[in-house]
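Please keep the sequence and the coordinates at hand while reading.

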Amino acid sequence: MIMAKICPNCNTKNSNNAEFCQGCGQELENVPQSTRSFPIILIIIIIVAVGVPLYFVWSFVIGPSMNENYLEQNGINGTAEILDAQQTQTFVNNNPEIKMTLLVSVPGKEPYKVTYKTVVPMVDLSKVQPGNKWYVLVDPKDPQNVIFA
Ligand SMILES: [Zn+2]
C-alpha cells in the first residue's frame, strides 16, 4: 500500500512525509486529521442520541420529582386559581403538558401570577379548567416555583 497525502486544495498526491503540496504549496500538516472527522460526527450523534432522552428524563421526571420532594418539605401552603390553561405541543406518555396561568395566594402576600407548566393525565384534564382552585406549595425562596399540593 502506498501512503499518500492528498492535497485538500488541488488534489495532488504528495508523499506521506511531505509538509507542503508539490502542486500548490498548501501546507499539508493537518491533512491526516481530516480522516478523524468521521468519528467526531459519530461522537456527536451518540451525544445527541443519549443527551436528548436524558434531557427529557431530567426535565419531566427527575427534575420535577426533586422539586416536589423539596417543596413537600419546605413549601408554604397556599391556594391557586387557574386563570388560563393551554395545551402545549409536548406529550409525555400520551399525556399533554398544560401551561397554566395561576393566581397564587399565600399568607401575608398579595395574590400574584405564576406561569405553571405540568403534565396532566388525560383523565384529570377536566380539573385544570379556568376558575378552578387548587391547593399549592410555594417555594419560600422563589415565589414562581409552585406545585399543586
Ligand atoms: Zn496542492
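N93 is exposed, because 8 other C-beta atoms lie within 10 Å of its own; a residue counts as exposed with 12 or fewer such atoms, as buried with 20 or more, and as partly exposed in between, the C-beta atoms being placed from the backbone. The model is a predicted one, in which local features require pLDDT of at least 70 and side-chain atom pairs count only at pLDDT 80 or more, while totals for chains, interfaces and linings use all residues. Residues are numbered from 1 along each chain as its sequence is written.

N93 lies in the loop between β3 and β4; strands here are DSSP runs of E with at least two residues, numbered from the N terminus. The phi of N93 is positive, near 50°, although N93 is not glycine. Most residues other than glycine have a negative phi. A second case is N11, with a positive phi near 65°, located in the loop between β1 (4-6) and β2 (13-15). N11 is likewise classed as exposed because it has 10 C-beta neighbours inside 10 Å.

The chain is divided into domain 1 (4-38) and domain 2 (75-148), with bounds from an automatic or database domain assignment. The C-alpha centres of these two domains lie 61 Å apart.

The strand pairings come next; two strands pair if DSSP finds at least two bridges between them. Strand β3 (residues 76-92) runs antiparallel to β6, with six bridges joining them, and E81 has K133 in β6 as its bridge partner. On β6 there is also an antiparallel pairing with strand β7 (residues 146-148), over three bridges, where V138 faces V146 in β7. Strands β4 (residues 95-105) and β5 (residues 112-119) are antiparallel and joined by eight bridges. Within the hairpin of β4 and β5, six residues separate the strands, and G108 has a positive phi near 75°. M100 is placed opposite Y116 in β5.

Which residues make up the largest nonpolar core? This core has 10 residues in all, namely A80, M100, L102, V104, V106, Y116, V136, L137, V138 and V146; a nonpolar core is a set of buried Ala, Val, Leu, Ile, Met, Phe, Trp, Tyr and Cys residues joined through C-beta atoms within 7 Å. At least two residues of this core come from each of β4 and β6 (133-138). Apart from its neighbours within four places in sequence, Y116 is in contact with M100, L102 and V146, contact meaning C-beta atoms, placed from the backbone, within 7 Å.

Definitions and conventions:
Helices (H or I, at least four residues) and strands (E, at least two) are DSSP runs, numbered from the N terminus. Two residues are in contact if their C-beta atoms, placed from the backbone, lie within 7 Å.
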